[in-house]
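Let us take a friendly walk through a protein model, from its inside to its surface. Have the sequence and the 3D view ready as you read.

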Amino acid sequence: MKIVAVTVGASGVGTLGVGLAAAGTLATLLGFGLATSGVSAIARSKSQPLQRDLLLVALGTAGRTLATIGGLIAGLFWLVAGPENGERATLSIGLAIAVGSAIGVSRWSAALNGTQQFRRIAAAQLTSAVLVTGAVALVAARNPELTVFMALALPPLSLLGAMRLASGAQLRPLGKNSLRSQWSVLRPLIGTGMAASSGTLLMSASQVAASAWIFHKYGGQANGYFQACWMLTSLYPVFILATMTADYYPRISTMTKGSRELHYAIDTQMRLSLRSVIPLAVSMAAFAPLILSIVFSREFQSSTGLLRWFLVGEAFKSGSWPLSFLLLAQNARRSYILSEAIWSIAFLLVLVWLTIYSPEGAGVAYSVANCLFFVQLAIRTKHRPSAFVISGMLVGTVALVVNSMPFGQTDLQISIPGATLALGLIAWIGYSTFKERRAAAT
């Protein structure tokens, strides 16, 4: 992202952000969520080699077919609906490659996550990231006009190759199965996958709609700032959600509804999410100008206020994830989709209202939607969070709001109160974790 920001500026980052959001939306929609539903299916077939082999064959057939169709549709979509500029034809090819590759990754991603091969996944992601960074840097130096194309198309394509190699021979099917038998295992996965992926689909669609509105109101530069803040707040959830998909989701799927065991598992996951997210979010808010300069360029320091308002709702967002997975585990697909739709509707309505006055209204809208999302999920699932979870959310939110206030800031816009609160939160969470482990040991 740094390379794109330095080479083509905020407007280029805005174009890339829209392309990535469109790729995510189309890959989720046209991939039928098989990357998500396939994880739990493969995890359940651990003691059934023949069933697992059938699943791998079916996911492979579906992945190849859907990747081809999805890539063609994505390319045509950008040609018809993409921004009217000289890059339209080039970016349509980039979007086709990105969507096709992202769908193709689903088979290998489900296989590795379902068998808990986390080290291989991490190695594949790291290898892919290194290769992509080098390739994009080389292209940016020699042919800058292709920078956005490379940053859009190459990451999923590189990840597809890396994940395929990381899967190893033991995760490749041993035999062939009829199309009828493959369809018999794919049919239930499609329904579950589409429900599970509806959140990603709605969020990506909301990002595209919000981006179009901001571009209409304030131009390409403001849209670039918006996309930069969205990308930063979406980085770390990817790793947390991947872990929850592979471990937490299959585990609670076997627990009795309303049992103490289930309540304890949910609360434990909430604590883990809060401990992971809040110190990081408060630190990011306190040092927002530096982070924006490091990840993007100095030009993006102008979006410091926007990023800080984006981060205000992170405490509630982290507490929402375990409850969303609970709805999926209980097969409450309608409730899950409705919950995700509420987030999107709230975000877009508040965004349209507040951005009339300032582009920073987009950050406030994002945080308001996250807070509302948690409240309605808690009501819908009838889960009562522990005092630690509630206090952690409130303290974290207050700390993030303090970061957004204009007082106590240095000449570089670094928030001294925010940095102090970040250190305090890290110490508090570390101490509480130590106490819990000590109590468990005794």
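This is a predicted model: local features need pLDDT of at least 70, side-chain atom pairs count only at pLDDT 80 or more; totals for chains, interfaces and linings use all residues.

Residues are numbered from 1 along each chain as its sequence is written, and side-chain values use heavy atoms, with hydrogens and water left out.

**The core**

A nonpolar core is a set of buried Ala, Val, Leu, Ile, Met, Phe, Trp, Tyr and Cys residues joined through side-chain atoms within 4.5 Å. Buried means under 20% relative accessible area, exposed means over 50%, and partly exposed lies in between (1.4 Å probe, protein chains only). The largest nonpolar core holds 112 residues, and Leu 95, Phe 300 and Phe 347 have the most contacts inside it. Helix H9 (residues 220-253) gives the largest share of this core, 13 residues. Helices are DSSP runs of H or I with at least four residues, numbered from the N terminus. Another core, of 8 residues, lies apart from the largest one and includes Trp 108 and Ala 162.

Contact means heavy atoms within 4.5 Å. Leaving out residues up to four places away in sequence, Leu 95 touches several residues, among them Gly 19, Phe 77 and Leu 152.

**Aromatic rings**

Rings of Phe, Tyr and Trp (its six-membered ring) pair if their centres lie within 6.5 Å; planes under 30 degrees apart count as stacked, over 60 as edge-to-face and the rest as tilted. By this rule there are 13 aromatic pairs. Two of the pairs are listed here:

| Pair | Centre to centre | Angle between planes | Type |
|---|---|---|---|
| Trp 343 and Tyr 366 | 5.8 Å | 85° | edge-to-face |
| Phe 347 and Tyr 366 | 6.2 Å | 85° | edge-to-face |

Trp 343 in helix H14 (residues 333-354) and Tyr 366 in helix H15 are 23 residues apart. Phe 347 in helix H14 and Tyr 366 in helix H15 are 19 residues apart. Trp 343 and Tyr 366 are both buried, and Phe 347 is buried too. Ring pairs also join Phe 226, Trp 230, Phe 310, Trp 343, Phe 347 and Tyr 366 into a cluster.

**A buried serine**

Is Ser 367 buried or exposed? Ser 367 counts as buried because its relative accessibility is 4%. Ser 367 sits in helix H15 (residues 361-381), and its contacts include Trp 309 and Gly 313.

**On the surface**

Val 80, in helix H3 (residues 49-81), is exposed, with a relative accessible area of 70%.

Methods. Helices (H or I, at least four residues) and strands (E, at least two) are DSSP runs, numbered from the N terminus.
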